[in-house]
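Please read the numbered points with the sequence and the model at hand.

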Amino acid sequence: TSEFFAGLIDAATGLINTTTGILYDAGTLFDYLRFGVSRQVDTIAALRLLSGSRNQRASVLGYYAAGDMFVRHYRLDPTDVTSTDNGGKVIVGVDGLRWKMIYAGIADPRIFGAKMDGVTDDASAIIATHTAFGEVVRPVGSFAIKSNMAIAGTAMKIHGAGHNKTS
């Protein structure tokens, strides 16, 4: 049902006259649907397509496809007009607005698109993870590193899968 209502909100153009004046809790129904309900999207690509004027929060179910990693939660930051899209913690939508991850948890390279299938080059996702977190936590799986991973002026610390494991 939330997908149905979210689709209705995104499909509407101009003023949404049917919900702007309906009182709901401390505001209007439109404000509740816009600010109080978190949209659920399958991928980071779908997050980039969400309208920032109609959505404020979103849950992303995967990076490339729903279920290919853990769910991540984002909040729109309407005051930020300069942050660069890093493919994980900050996503710039097609409308130019910035979606910021609410809580990243561990420094997992899948946040930045690592496939960990042992075939796809995960080097850029590993570097992005290190840049954003200062470290990388390697979940169970196989990295394929096919390109240069040099990071000037800093050592890369990679924690392995398991308690107190470091590579």
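1. Strand β3 and strand β4 (residues 57-60) run parallel and are joined by 4 bridges. Strands here are DSSP runs of E with at least two residues, helices are runs of H or I with at least four residues, and both are numbered from the N terminus. Two strands are taken to pair if DSSP finds at least two bridges between them. Within this pair, Ser38 stands opposite Arg57 in β4.

2. The model is a predicted one, in which local features need pLDDT of at least 70 and side-chain atom pairs count only at pLDDT 80 or more, whereas totals for chains, interfaces and linings use all residues. Residues are numbered from 1 along each chain as its sequence is written, and side-chain values use heavy atoms, with hydrogens and water left out.

3. Together with helix α4 (residues 44-49), strands β3 and β4 make a right-handed β-α-β unit. A crossover is called right-handed if, with the strands pointing away from the viewer, the path from the first strand over the helix to the second runs clockwise.

4. On the pairing of β4 with β5, the sense is antiparallel, over 4 bridges. Ala58 has Tyr74 in β5 as its bridge partner. Strand β5 (residues 72-77) is also joined by 4 bridges to strand β7 (residues 98-101), and these two run antiparallel.

5. What is the order of the strands in the open sheet? The 5 strands follow the order β3-β4-β5-β7-β6, with mixed pairing. Strands β3 (38-41) and β6 (90-92) are the edge strands, each pairing on one side only. From one strand to the next, the twist averages 30°, with axes being lines fitted to C-alpha atoms and angles running from 0 to 180 degrees between N-to-C directions.

6. Asn55 lies in the loop between α4 and β4. Asn55 counts as buried because its relative accessibility is 4%; buried means under 20% relative accessible area, exposed over 50%, and partly exposed in between (1.4 Å probe, protein chains only). The side chains of Asn55 and Arg39 are joined by a polar contact of 3.5 Å, and the Asn55 side chain also reaches the backbone oxygen of Ser51 at 3.0 Å. A polar contact is a pair of N or O atoms within 3.5 Å; within protein, one must be able to donate a hydrogen and the other to accept it, and residues adjacent in sequence count only if both atoms are side-chain atoms.

7. Met116, in the loop between β7 and β8 (117-121), has a positive phi of about 55° although it is not a glycine. Met116 counts as buried, at 11% relative accessibility.
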